[in-house]
Amino acid sequence: PDRMDAATVQPALFDAVLRPHRSLTPFGFRLLMGGFVVVFAAIGALFASIGAWPVLPFCGLEIALLWGAFKLNFRSGRRYEALRLLPDRLEVAKVAPSGVAQVTDFAPPHWLAIELEETPTGNRLLLRSHGRSLAIGEFLLPEERVELAKALRAALARLRG
């Protein structure tokens, strides 16, 4: 059978989509950029009034660079990871901001080990099976990775019986 048909027939024992946290909403971004425009326009007008008009293009450049940096940040927020535990495998899809997905299957899931490695900056969540390993949730907070590891371990324990 087709992979999608098999996925729709088999019940998922664990299904999660992990997304990076973004605290700035699109409305907040527009307000923030509006504030920057007002401030830089005032600075540019002040310098232009005392005869230093060459400062004006640099004020515009600063606004453009800030806008670009925020847009890149928003773009990176479009990436996500989808985890789906089925009776015969664990599917991990890492989707880039461009929409390109890298799918990794761990089959059978009974051999899957979920390891939480301590690192100098926090921790790292690894899935290991048959000599392969995959880091997941790298954009999550350390506490969120601990919770994810607990949830995955509980789902695997239910699967193993």
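1. In this predicted model, glutamate 117 faces arginine 124 of β6 across the strand pair. The two strands involved, β5 (residues 113–119) and β6, run antiparallel and share seven bridges. The link from β5 to β6 is a hairpin of two residues.

2. Strand β6 covers residues 122–129, and six of its eight residues are buried, so the strand is mostly covered. As background, side chains in a regular strand alternate between the two faces of the sheet.

3. β6 also pairs with β7 (residues 132–136), again in the antiparallel sense, through five bridges. Here serine 129 lies opposite arginine 132 of β7. Two residues separate β6 and β7 in a hairpin. Histidine 130, in that turn, has a positive phi of about 50°.

4. Strands β1 to β4 belong to an open sheet of four strands, ordered β1-β2-β3-β4 and paired antiparallel. β1 (14–18) and β4 (101–106) are the edge strands; each has a single partner strand, so one side of each lacks a neighbour in the sheet. From one strand to the next, the twist averages 10°.

5. Within this sheet, β1 and β2 (residues 80–86) are antiparallel and joined by five bridges. Leucine 18 has glutamate 81 in β2 as its bridge partner. Helix α4 (residues 142–160) packs on the sheet, where α4 touches β1 and β2. The direction of α4 makes about 20° with that of β2.

Conventions: Residues numbered from 1 in each chain as written. Predicted model: local features only at pLDDT ≥ 70, side-chain atom pairs only at ≥ 80, totals over all residues. Heavy atoms only, no water. Buried < 20%, exposed > 50% of the residue type's maximum accessible area, 1.4 Å probe, protein only. Pairing = 2+ DSSP bridges. Axes fitted to C-alpha atoms, helices over the stretch in contact; angles between N-to-C directions. Contact = heavy atoms within 4.5 Å.
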